Amino acid sequence: MERTSLVHWMLTTAGVIIFVAGPLVHAQDPAPESSSKPAEGPRPKKPDGKKKPDSATHNAPDQPAWDPLRAEKDLEVGQYYMRKGDVDAAIDRFQDATTAKPGYAIPFRYLGEAQEKKGLKKQAVKSYKRYLDLYPHAEDKEKIQKKIDKLYKEIEKRKSE
């Protein structure tokens, strides 16, 4: 009787250890590929038939696609560049923020402001619209909508000239 109790206790203890330690052992393993990811098709080719070169920011292993902390840092640095007057650098950082956290509305608003300041009206409209799509109850919704309307008028005016 005593031996069966000891075996039972050992099996129970081993089960608990495996149950608790199992996830810890795999914590360092890389995440498996998700089957819900879209399959990558053939890469687009240039007119001369050669493959397009990879973009470093999109394919770098140290730059994960979804990184909310990086998105916040990109926003912060982008705002710094805007204050310094370097609109091109700000646009780059705001675009990086939209890539790092695509469902985050704020980078799209800042991106729209930077694009508008640079004179990229169509892109600014697109960014502002994306901001409102992601954040339909934004406090500044009316202000942004007025900007969109103003930019549309300027785009139409340029077309008619």
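How many aromatic pairs does the count come to? I started my notebook with that one.

**Entry 1: ground rules**

I am working on a predicted model, in which local features need pLDDT of at least 70, side-chain atom pairs count only at pLDDT 80 or more, and totals for chains, interfaces and linings use all residues. Residues are numbered from 1 along each chain as its sequence is written, and side-chain values use heavy atoms, with hydrogens and water left out.

**Entry 2: confidence**

I looked up pLDDT, the predictor's confidence in each residue, from 0 to 100. The chain has a mean pLDDT of 78. I noted that 63% of its residues reach 70 or more. Residues 25-46 stay under 50. For contacts I use heavy atoms within 4.5 Å. The model has nine contacts beyond four places in sequence for residues 25-46. Residues 51-57 are also below 50 in pLDDT. That stretch has nine contacts beyond near neighbours in sequence. Where pLDDT is low, the predicted coordinates should not be read in detail.

**Entry 3: overall make-up**

I took helices and strands as DSSP runs, numbered from the N terminus (helices: H or I, at least four residues; strands: E, at least two). The chain comes to seven helices and zero strands. Along the sequence I read α-α-α-α-α-α-α. Next I checked burial, where buried means under 20% relative accessible area, exposed over 50%, and partly exposed in between (1.4 Å probe, protein chains only). Of the 161 residues, 25% count as buried. I also looked at contacts between residues at least 6 apart in sequence. Of these, 43% join residues at least 24 apart.

**Entry 4: aromatic pairs**

Back to my opening question. The rule pairs rings of Phe, Tyr and Trp (its six-membered ring) if their centres lie within 6.5 Å; planes under 30 degrees apart count as stacked, over 60 as edge-to-face and the rest as tilted. By this rule I get three aromatic pairs. One of them joins tyrosine 80 and tyrosine 81, with ring centres 5.8 Å apart and planes at 55°, so I logged the pair as tilted. Tyrosine 80 is partly exposed, at 41% relative accessible area. Tyrosine 81 is partly exposed too, at 26%.

Tyrosine 131 and tyrosine 135 form an edge-to-face pair. I noted 6.0 Å centre to centre and 80° between the planes. Is tyrosine 131 buried or exposed? Tyrosine 131 is buried, with a relative accessible area of 1%. Tyrosine 135 is partly exposed, at 27%.

**Entry 5: H5 against H7**

Two packed helices are described by the angle between their axes and the distance between the axes. My axes are lines fitted to C-alpha atoms, for helices over the stretch in contact, with angles from 0 to 180 degrees between N-to-C directions. The axes of H5 (residues 106-118) and H7 (residues 141-160) come within 12 Å. They cross at roughly 35°. Which residues meet? Arg109, Glu113 and Glu116 in H5 meet Ile144, Lys147, Lys150 and Leu151 in H7.

Arginine 109, in H5, is buried at 16% relative accessible area. Leaving out residues up to four places away in sequence, I found that arginine 109 touches Tyr128, Tyr131, Asp140 and Ile144. Lysine 150 lies in H7. Lysine 150 is partly exposed, at 44%. The C-alpha atoms of lysine 150 and lysine 121 are separated by 9.8 Å. Along the chain these two are 29 residues apart.

Threonine 98 is in helix H4 (residues 87-100). At 13% relative accessibility, threonine 98 counts as buried. What does threonine 98 touch, not counting residues up to four places away in sequence? I found Pro107, Phe108 and Leu111. Threonine 98 and phenylalanine 108 are ten residues apart in sequence and 6.8 Å apart, C-alpha to C-alpha.

Valine 125 lies in helix H6 (residues 121-134). Valine 125 is buried, at 5% relative accessible area. Beyond four places in sequence, valine 125 touches Ile148, Leu151, Tyr152 and Ile155. From valine 125 to tyrosine 152 I noted 7.7 Å, C-alpha to C-alpha, across 27 residues in sequence.
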